[in-house]
Amino acid sequence: MKERDSDHFVDVLVILGIAASLVLIVGSVLLNFRMAYRSADTEFDAWLYGVVAGAADCIKAMMPFAIAWGIRKRDRLAVIGAAAVFGIFTLYSFSSAVGFAAQHRIAKAAERQGGAEKYQDLKDRYTRAKSARDALGTPRAPSVIEQERADILATPVYGRRTIGDLSGECTLNRLEAREPCERWRRLGVELATAKEAGRLDGELTDVRQKLDTVPAASTTEDPQAAAISKLGGWFDRTFRSDDVQLGLALLLALLVEAGSGLGLYLVTTPWRDAALPAPKESTMPPKLPVMPVKRLGEVDAFMLARLHPATDGVLTAPMLYEAYLGWCREGGLAPFTVPAFITAFHAIADELGIERGSVGTDAAWRNVSFTPVPALPERAL
């Protein structure tokens, strides 16, 4: 049951990986189409270049499968051809992705430049309007001033006549209207100042609202490139913003190409492994039981255990080998062959100064005898 659930989980992961890989493939195809489309002179050539570049990118995603198939079938030509096609198509697609990333960053830089200039213009405009408004002080409301001017013109003189009638709205020089008209003109200046202050207040409000809509446009620097450039300070190095932006463009191109070229092959690995035939069971015969290996009976150890000096002692080679076999049986040891035993015994005897001779046709050694083996104590009855 657990194995079945695990298989379902793997299937879900593979399906999600396939979907993500297809997104990367479609994105790479569109990038190739777009860059090739823009490189043509006529509409027909643009579509021709774009379709060819997009089709090449689709084939690129199939090449890892072709390489794996060629390796499995031992088809060297297929492997070389698929690898060559994959490399060529990947290089072209990589150049398209780099070009797109570079164009995008140039466009964003121009947008930031325009935003910065707009922001600076608004700040200058706000500064000028604020300075002019501060110079006007705090005038009265225009409606109050207009009412005072109307009251001056409506002031009666000579019965039913008013200052406005007598002076022609203060356009004629009349002795009786000279002082009221002077006040009327001063109020006119104050009215113009009040209206200008109102206009400047409106302009300041409008500029302030526009400044609030472009708060981030006050710099022309790429924020991502600026942040990465500052990381160089951690390692006592300085990175130019242009170099960082080029590196980011290359990184984006690598992301697109690695994902679109190898992603589909890599995420389908569990399914391809499951589709391979199971290895055949071995037809070799069952292994024989391993017999324990006995330790060799060393000749020098035998001589120490079973021989001792004796003035009248003589031991022949057969007598020595027979005693050696018995000693090996008692100790559970593997004996040397007769030639090997005689050679080893002769070398050790020469080194110890044991005299060698012969008895009949057999080699013999003098002044040496067997050490008696102590008898085992009898069991109490």
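My notes start with one serine, then move to a sheet and a pocket.

**Ground rules.** I'm working with a predicted model, where local features need pLDDT of at least 70, side-chain atom pairs count only at pLDDT 80 or more, and totals for chains, interfaces and linings use all residues. Residues are numbered from 1 along each chain as its sequence is written, and side-chain values use heavy atoms, with hydrogens and water left out.

**Entry 1: S260.** I found S260 in helix 8, residues 241–267. (Helices are DSSP runs of H or I with at least four residues, strands are E runs of at least two, and both are numbered from the N terminus.) Is S260 buried or exposed? It is buried, because its relative accessible area is 1%; the cut-offs are under 20% for buried, over 50% for exposed and partly exposed in between, using a 1.4 Å probe and protein chains only.

Next I checked what S260 touches. Its side chain makes a polar contact of 2.9 Å with the side chain of K60, and also reaches the backbone oxygen of V256 at 2.8 Å. (A polar contact is a pair of N or O atoms within 3.5 Å; within protein, one must be able to donate a hydrogen and the other to accept it, and residues adjacent in sequence count only if both atoms are side-chain atoms.) Setting aside neighbours within four places in sequence, S260 is in contact with L24, I25, S28, K60 and A61, contact being heavy atoms within 4.5 Å.

Entry 2: I then looked at an open sheet of three strands, antiparallel, in the order 3-5-4. The edges are strand 3 (307–316) and strand 4 (356–359), each pairing on one side only. Strands pair if DSSP finds at least two bridges between them.

Strand 3 pairs with strand 5 (residues 362–370) over six bridges, and T316 stands opposite A364 there. Strand 4 pairs with strand 5 over four bridges, with R356 opposite W365. How many residues lie between strand 4 and strand 5 in their hairpin? I got two, and G360 in the turn has a positive phi of about 65°.

**Entry 3: the pocket.** Which elements each supply at least two residues of the lining of the largest pocket? I noted helix 10, strand 3, helix 12 (338–352) and strand 5. Among the lining residues are D300, H308, I348 and N367.

Definitions and conventions:
On a 1 Å grid over the protein atoms alone, a cavity is a set of points where a 1.4 Å probe fits but cannot get out, and a pocket is an open set with protein on both sides within 12 Å along at least five of seven lines; lining residues have an atom within 4 Å of a point.
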